[in-house]
Amino acid sequence: MKKATNQALVIFGASGDLTYRKLLPAVFDLFMNNLLPDGFAVLGISRSQYTDHAFREKMKKGIKEFSNFKNAESDKINNFLSKIFYLSIDTENGEEYVLVKEKLTELNRKFNLGCNYIFYLSTPPSLYASIPKFLYGQGLTFQQKGFRRIVFEKPFGHNLLSAKELNKLLLEFFEEDQIYRIDHYLGKETVQNLMVTRFANGIYEPLWNRNFVQHVEITAAENIGVEGRGEYYDHAGALRDMVQNHLLQMVSLVAMEPPIKITPQDIRYEKMKVFRALHPLSEYDLKNHVIRGQYTASTIRGKHYPAYREEPHVAKDSRTETYVAMKFFIDNWRWADVPFYIRTGKRLPTRVSEVVIHFKPSPLPLFRHEGSSDKLNNQLILRIHPDEGILLKTGMKVPGNDYLVKSVNMDFHYSELSNQYIPDPYERLLLDCMTGDNTLFMDGEAVEETWKFVQPILDYWENHPEAPLYGYPAGTWGPDVADRLIEGKNDTWRYPCKNLADDGMYCEL
Ligand code: BG6
């Protein structure tokens, strides 16, 4: 198990939701798992005024609600909280960063931190350029004495140009290997398992290519709406919020070649090759193979769900997409001509993320099939969440005097692993950053490649305001037209439910 050296975690934007719900509970999980170094401190920084005590009390609440160790003894929680400090500064004023330096010097002495600091930017992206500059101004980015790392939450850039500019600017203050661009999907155990399933088993890899795979489907569905994040979301939309990062990261893990070794360089290199091979979307594709939608109001079992345009801080005439489905190709030997379908949306019937590999049918249909379908769909489903697991759909003879085939499930659920602790993605990613392992973070070049792929969609929507934005009632699977994307008579998206093995049923919000 990796163990980090003494260090401080400095969180900018510490009064925000992410720190409360995700970051501090994850650091507490590391503490409970004995993965924090002996010399360790957290310094929370933001504009809001808190005393150390008030900040600790707030974090205690977050821990009790969101940590994996919610019911930890008070002594343990208090011991952990004694390592947490707070500093209020105007983060937009460079002169105030001297206070950061002073505070770190004090904590360094007290906790023997070895001058090792991680700066975590959990702030609005508008501060992504200035905070690094101000840290640099105080000499806090140089690594003569200890290590200095900086973590960026997504979104990294608002489009290709801004991502490029930010990458360029950051290199004035940090080296690339000091920069950690987080995508929390990569911290998910089941996302990491994509690579293990593929490359640890001899049985899948020979089939994992254009000769045997008919198409690949990736879904990241959510049943929640924008949950008070209207201001951010209305400027982002599903394409920026989910596709450019989480979905394309999953695509890269599904499509990549085996790395030579399990090192950050080798894995990143193979993923990068996938991003480079994404077939650029033509005008025809942009018009026909990218579907956007926005949820409208609906009432489900007597409960009213407002339309996206009625959500707080969302423009009344907003044309921001809360749903995207698209079809594209990967131009390499393994995947040429195999359609990839991806979709994501808010206020869909259920929360589920999964990858579905649809295999080609057997060459000749020898048997009759039970039910209405005339062919068997062999599918391998890699469930990211919930009910994490793997499901293989295969054909079996229906017992009796006839040769009748039915589709059956062979499934494994993570919940069957007794006593297996599954870390939260932030716990895993924070530990990786603390130990200097950037495998599961995005490098600057890869971020630019993913933006390069989605930028034509952004441009197309901007230049063609008449391009349809389909309404879909909250609680449904998005616009019907998305079904037409899928090639092949009778083929549709999989309509998954919360339980891995159930599909094709109607799941309600
Ligand atoms: C975040 C998006 O990155 O991912 C959110 O900003 C989204 O809009 C979330 O809800 C989904 O993450 P998960 O882990 O719940 O699938």
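A polar contact is a pair of N or O atoms within 3.5 Å; within protein, one must be able to donate a hydrogen and the other to accept it, and residues adjacent in sequence count only if both atoms are side-chain atoms. The model is predicted, so local features need pLDDT of at least 70 and side-chain atom pairs count only at pLDDT 80 or more, while totals for chains, interfaces and linings use all residues. Residues are numbered from 1 along each chain as its sequence is written, and side-chain values use heavy atoms, with hydrogens and water left out.

View 1. Oxygen atoms of the ligand lie 2.5 Å from a side-chain N or O atom of E222, 2.7 Å from one of K154 and 2.8 Å from one of H184. The protein buries 83% of the 400 Å² that the ligand exposes when taken alone (accessible areas by the Shrake-Rupley method with a 1.4 Å probe; for residues, only the protein chains shown count as cover).

**View 2. Salt bridge R229–D241.** The two side chains meet at 4.0 Å, N to O, in a salt bridge (a side-chain nitrogen of Lys or Arg within 4 Å of a carboxyl oxygen of Asp or Glu). R229 lies in the loop between β7 (213-221) and α8 and D241 in helix α8, so the pair ties together parts 12 residues apart in sequence. D241 counts as buried because its relative accessibility is 3%, under the 20% limit; exposed means over 50%, and partly exposed in between (1.4 Å probe, protein chains only). R229 is partly exposed at 37%.

**View 3. Salt bridge K327–E487.** The side chains of K327 and E487 meet at 2.7 Å, N to O. K327 is in strand β11 (residues 323-328) and E487 in the segment after β18 (470-473), so this pair ties together parts 160 residues apart in sequence. K327 is buried, at 7%.

**View 4. Salt bridge D432–R428.** D432 and R428 meet at 3.2 Å, N to O. Both lie in helix α11 (residues 425-434), 4 residues apart, about one turn of the helix.

Technical notes
Helix = DSSP H or I, 4+ residues; strand = E, 2+ residues; numbered from the N terminus.
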